[in-house]
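I open a notebook page for a structure that is new to me. The entries below record what I looked up.

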Amino acid sequence: SIQIPTNSNLEITGNITISAWIKPDSSTDTSTKIINKRDSGGTNYDFFIETGGLKLKFFDGTSNTASDITITPDAWNHVAITINSGVTNGSIFYVNGIGQATNLPTFTITSNDAPLTIGKSGQANTAFFDGEISNVSIFNSNLSASNIITLYNNGNPAADISSLSPVGWWKLNNTTTGIEDSAGSNNGTNNGATEYA
């Protein structure tokens with residue numbers, strides 16, 4: 001897993017977009033975390049794969065839901081969620097640039113100062129992601145459908161997403177100098193994840 005220390009620009013309240021490239025193993029049979037910002041005091045945001053069926057799920061500490069979009073195992077998928085905090089039907093799940101917003105609850109994003117964790121639960125040594133994760137990014141805005149298409153980039157991670165103003169962007173492709181934030185100073189620590197060049 002990867003741990004990013006707490007930083008005020010990651011303690012988002014209000015609108016948020018979370019994006020990542022994931023390659024889940026076909027053997028995945030438990031809930032596994034993509035991005036988790038949670039401590040014993042509560043949840044800021046929690047984006048993960050639902051147990052059984054490889055479907056995206058999001059939890060804001062109060063409301064949670066699973067999408068009806070199935071993630072393809074043993075293949076790279078671009079996944080994202082855009083949240084218009086506190087707005088009814090204001091959230092959309094995306095897989096490979098295709099959006100779905102059906103019967104989603106009204107998510108409300110509130111702040112906590114927990115570290116950001118990529119690839120496992122922030123509360124305990126559990127829910128490790130089974131597979132590979134790349135190009136994780138977080139935005140303190142509700143990106144448009146066309147912005148998500150830019151991130152998807154016809155099936156190849158976009159080389160430069162700075163025009164979309166991410167607050168954190170971890171390409172996770174650097175095996176030499178560590179877990180670097182390409183959007184700012186939120187560098188992370190590898191806590192046992194296997195790195196691929």
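**Ile 133 and its surroundings**

I looked up the contacts of Ile 133, leaving out residues up to four places away in sequence: Ile 133 touches Trp 21, Ile 22, Lys 33, Ile 34, Trp 76, Ile 118, Gly 119 and Leu 172. Contact here means heavy atoms within 4.5 Å.

I note that the model is predicted, so local features need pLDDT of at least 70, side-chain atom pairs count only at pLDDT 80 or more, and totals for chains, interfaces and linings use all residues. Residues are numbered from 1 along each chain as its sequence is written, and side-chain values use heavy atoms, with hydrogens and water left out.

Where does Ile 133 sit? I find Ile 133 in strand β11, residues 131–139. Strands are DSSP runs of E with at least two residues, helices are runs of H or I with at least four, and both are numbered from the N terminus.

Is Ile 133 buried or exposed? Its relative accessibility is 17%, so Ile 133 counts as buried (under 20% relative accessible area; exposed is over 50%, partly exposed in between; 1.4 Å probe, protein chains only).

I also checked Trp 169, 36 residues from Ile 133 along the chain: their C-alpha atoms are separated by 13 Å.

**The whole protein**

From the N terminus the order is β-β-β-β-β-β-β-β-β-β-β-α-β-β.

Buried residues make up 44% of the 197 residues. Among contacts with a separation of 6 or more, 63% join residues 24 or more positions apart.

The C-alpha trace spans about 45 × 35 × 35 Å along its principal axes.
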